[in-house]
Amino acid sequence: MSNANAPKISSVTDLYAVAYGIEAAAVERYELLAAQMEAHNNPDLVVIFLDLARAEGIHRDEIARLAEEADVDVLAHAPRVGKWPKGESAEEVDAGAAHYLMTPWHALELALGGEERALDFFSSVAASAKDPKVKKLAEDFMEEEAEHVNLVHRLMRRYPAPAEAWGHDLDGPVAQD
Amino acid sequence: MESLDTKPARKPAEYRSDVTQIWCPGCGDYHVLMSFTRAFAALGLPPEEIVVVSGIGCSSRIPAYTNCYGFHGVHGRSLALAAGLKVTRPELTVVVASGDGDGYSIGGNHFLHACRRNIDMTYVVMDNRVYGMTKGQPSPTTEPDFDTALSPGGTGLRPFHPLVIALASGANFVARAFSGAPNETADILVEAIRHPGFSFVEILSPCVTFRPDEKEWKNLVHPAPVAPTSDPAKAARRIMTDDGFNIGILYRGDREPYQPAIGPARIDVSELEKDFEL
């Protein structure tokens, strides 16, 4: 995903709205993935995705609180800031990458991608911001995302990368004959 | 024209039901559902003024996952149901959800005549080029060399070209979308719903279970390099010669929608009910 196509940030209000949108979309996506895993009887992944949704939810609520203190209505402002390419914001992990046999390692790999994209986005905002307030806020979000990247790296060490045949199902779906 | 850039009067979540969505993880239809709800929210339509009609297949599960009125009809007959509904209740927004098997094979005949009639409704076909629900048989859009237990070596048959057929049959709006781009797809659906007459939107929606090769589609799709045309001949040439992964509105016609005059009901519903009493 290229930041060239990301929403343009020209004020603190824009940045709060976009940051809130990133976290809110991530919560929604992780909850969707948790529901998919529940329906497909992969309970380990339900727990992981719900944990990820909870973590993003805490971040979302914190941004909402900060925005409120700054007198910014993030929901009202969000539609004025433009859209993400292909309709996916930085931390909206690719739902198309889900698999019913995916492992915690896969979930964390998806999460890592999302956190890195968010870090990349806030870094580019901080680097290009002309307004010092926007720059400062973007740097704060950058720090937060950098912590998340480190956290996911640490979590990934708990779960070894799966064997190559992880998706092999002894009773998998087969074309009818 | 409004776009999704303006504040939606409603939120997409208002159009989602509490029914657990059951598709294979990774299925494109999850994204199509997101596009439906985002489009409805952008249009600001009350859920009770929308009807989502479907036939049979994975894609046809969509009505249950929305909070709108829905009709999960019989295989291939969704357009007939929707046509009857729209001509009698023209004030409703009617959206039909189908798949390439339901829509182009079992319902192929209805597809032609729905385009020809040009009733003001939107027909969304989630094309994954396979019968997913019944475990991987070739559909009318399957490539001729798709090798399965039921079609060893492939069918050898030329695939159906839905967009050209829609155009030739009289559809008033023809577009192609990709499930993996839900906001762009929502934008196309907004335009399709707003456009008078029969709007046909083919959404490339990968079947990750029986067509894992379709995961590659996300790298193949690209925006249509030309603006929509209202010239059907030009549109046909473009569609016939494109690579099948052009995304966008490809044709926007100006035919008058078909809407017969509806007289007063000749019979009360309660009288009809008597005929069905057990």
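The model is predicted: local features need pLDDT of at least 70, side-chain atom pairs count only at pLDDT 80 or more, and totals for chains, interfaces and linings use all residues. Residues are numbered from 1 along each chain as its sequence is written, with chains lettered from A and ligands numbered from 1 in the order in which they are written.

**Stop one.** Select residues 78-88 and 108-117 of chain B, helices α3 and α5. Helices here are DSSP runs (H or I, at least four residues), numbered from the N terminus. Their axes, lines fitted to C-alpha atoms over the stretch in contact, lie 9 Å apart at about 30 degrees, on a scale of 0 to 180 degrees between N-to-C directions. That makes α3(B) roughly parallel to α5(B) (under 35 degrees). Show B:Leu79, B:Ala80 and B:Ala83; they meet B:His110, B:Phe111, B:Ala114 and B:Arg117 (contact: C-beta atoms, placed from the backbone, within 7 Å).

**Stop two.** Move to α6 (162-169) and α9 (232-241) of chain B. Their axes come within 9 Å and cross at roughly 165 degrees. That makes the two helices roughly antiparallel (over 145 degrees). From α6(B), display B:Leu163, B:Val164 and B:Leu167.

**Stop three.** Bring in chain A. How many residues of chain B are in contact with chain A? The number is 31, against 23 residues of chain A. Color α1 (29-43) and α7 (182-194) of chain B, the elements that give two or more residues to this side. α7(B) gives the most, with three residues.

Note on methods. Angles under 35 degrees count as roughly parallel, over 145 as roughly antiparallel, 65 to 115 as roughly perpendicular and the rest as oblique. Two residues are in contact if their C-beta atoms, placed from the backbone, lie within 7 Å.
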